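Reader: Hi! Could you walk me through this structure?
Author: Happy to, let's look at it together.

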Amino acid sequence: MPPLAYDRFYRYAELTEWVHALAREHPQLVIVESIGKSHEGRDIWVLTVTRRETGPASDKPAFWVEGNVHATEVAASVACTYFLNHLVTRYGTDPEVTRALDTRAFYICPRVNPDGPEWALSDKPK
């Protein structure tokens, strides 16, 4: 999985690569899927994080987290990636994280509005 630095903001392609790598590296905990397309045709990614061996996500109490609803709220998407990384890297070593993923489902959408940050982070913001 490519490391994620928390001292900069990520464009759509890098964020997409990272969420898919996270799911590939932690298949027992993470599923990534698109819940639709943005106005400009970008997928809106949601990651379901839970230990599937303890039951399907749909049978567990759930917690929804979303970031980057508005174009320039890119810090919220970074917070979502930090939270995702925290959950998957501490599973099995942190008793609270392990218990949470064994008994709960987390639905995390790091970027609800994938078009806005592309404009805000471009060399010439629109």
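Author: We'll start with the whole chain and then turn to a few single residues. Keep in mind that this is a predicted model.

Reader: Got it. How many helices and strands are there in the chain?
Author: The chain has four helices and four strands. Along the sequence they follow the pattern α-β-β-β-α-α-β-α.

Reader: And what radius of gyration does the chain have?
Author: The value is 15 Å. A compact globule of 126 residues would come out near 14 Å, so the chain agrees with that expectation. Its C-alpha atoms fill a box of roughly 45 × 30 × 20 Å along the principal axes.

Reader: What percentage of the residues count as buried?
Author: Of the 126 residues, 44% do.

Reader: Which residues of H2 are buried?
Author: They are Val 74, Ser 77, Val 78, Cys 80, Thr 81, Leu 84, Leu 87 and Val 88. After H2 comes Gly 92, with a positive phi near 90°.

Reader: Where is Asn 68 found?
Author: Asn 68 sits in the loop between strand E3 (62–66) and H2. Its phi is also positive, near 60°, although Asn 68 is not a glycine. Most residues other than glycine have a negative phi.

Reader: Is Asn 68 buried or exposed?
Author: Buried: its relative accessible area is 1%, and the cut-off for buried is under 20%.

Reader: One more. Where is Thr 16, and why does it count as buried?
Author: Thr 16 is in helix H1 (residues 12–25). Its relative accessibility is 16%, so Thr 16 counts as buried.

Reader: How far apart are the C-alpha atoms of Thr 16 and Trp 45?
Author: They are separated by 7.8 Å, while the two residues are 29 apart along the chain. Looking at the chain's contacts with a separation of 6 or more, 63% are between residues 24 or more positions apart.

Conventions: Residues are numbered from 1 along each chain as its sequence is written. This is a predicted model: local features need pLDDT of at least 70, side-chain atom pairs count only at pLDDT 80 or more; totals for chains, interfaces and linings use all residues. Side-chain values use heavy atoms; hydrogens and water are left out. Helices (H or I, at least four residues) and strands (E, at least two) are DSSP runs, numbered from the N terminus. The radius of gyration is taken over C-alpha atoms; the globule rule is 2.2 Å times the number of residues to the power 0.38. Buried means under 20% relative accessible area, exposed over 50%, partly exposed in between (1.4 Å probe, protein chains only). Contact means heavy atoms within 4.5 Å.
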